[in-house]
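Subject: Handover of a protein structure

Dear colleague,

Please find below the structure I am passing on to you. My notes on what was found in it follow directly after.

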Amino acid sequence: MRQNFMGVVVGTAMQKTIKVRVMSQKVHPIVRKTYKSFKNYLVHDEASKCKLGDVVRIEACRPVSARKHFSVAEIVAASKVWEHTK
């Protein structure tokens, strides 16, 4: 079973690479209060289909580069923000 995460695309400035922000909830060990924790992953997007704001599912794969070891499994929800194309 491969490692899977759901996250939001926050960066598309690179070629065939996107930055995905994954949120997880953790419990503080002393206060016992839940808080949100975020981590950014560089993800391989071969077809460059993902846009800013898309919700995607990413899964672990062999290392594609020094910092990329995830790939896009599917686009769960497209972003609702309209982008101006030149």
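**Notes on the structure**

The backbone nitrogen of Lys51 lies 2.9 Å from a polar atom in the side chain of Asp54. Please bear in mind that this is a predicted model.

Asp54 sits in the loop that runs between strand S3 (34-44) and strand S4 (55-60). Asp54 is buried but has no salt bridge. The nearest side chain of opposite charge belongs to Lys51, at 4.6 Å, whereas a salt bridge requires the nitrogen and the carboxyl oxygen to be within 4 Å. Apart from neighbours within four places in sequence, Asp54 is in contact with Gly7, Val8, Val9, Lys49, Ile75, Ala77, Ala78 and Ser79.

Elsewhere, the model contains four salt bridges. One of them joins Arg2 and Glu59, with the closest N and O atoms 3.5 Å apart. Arg2 belongs to the segment before strand S1 (4-14) and Glu59 to strand S4, so this pair ties together parts of the chain that are 57 residues apart in sequence.

Glu59 also forms a salt bridge with Arg57, where the closest N and O atoms are 4.0 Å apart. Arg57 in turn meets Glu74 in a salt bridge of 3.0 Å, N to O. That pair links distant parts of the chain, as Glu74 is in strand S5 (residues 68-77) and Arg57 in strand S4, 17 residues apart. Through shared partners, salt bridges join Arg2, Arg57, Glu59 and Glu74 into one network.

As to the overall build, the protein has five strands and zero helices, giving the pattern β-β-β-β-β along the sequence. Its C-alpha atoms fill a box of roughly 50 × 35 × 20 Å along the principal axes. Of the 86 residues, 26% count as buried. Among contacts with a separation of 6 or more, 50% are between residues 24 or more positions apart.

The protein exposes about 6600 Å², of which carbon and sulfur atoms supply 54%. There are 17 positive and 6 negative side chains, and the centres of these two sets lie 10 Å apart.

Yours sincerely

Key. Residues numbered from 1 in each chain as written. Predicted model: local features only at pLDDT ≥ 70, side-chain atom pairs only at ≥ 80, totals over all residues. Heavy atoms only, no water. Helix = DSSP H or I, 4+ residues; strand = E, 2+ residues; numbered from the N terminus. Buried < 20%, exposed > 50% of the residue type's maximum accessible area, 1.4 Å probe, protein only. Lys, Arg positive; Asp, Glu negative; His and termini not counted. Polar contact = N/O pair within 3.5 Å; in protein donor to acceptor, adjacent residues only side chain to side chain. Contact = heavy atoms within 4.5 Å. Areas by Shrake-Rupley, 256 points an atom, 1.4 Å probe, with all protein chains shown as cover. Charge placed at Lys NZ, Arg CZ, Asp CG, Glu CD.
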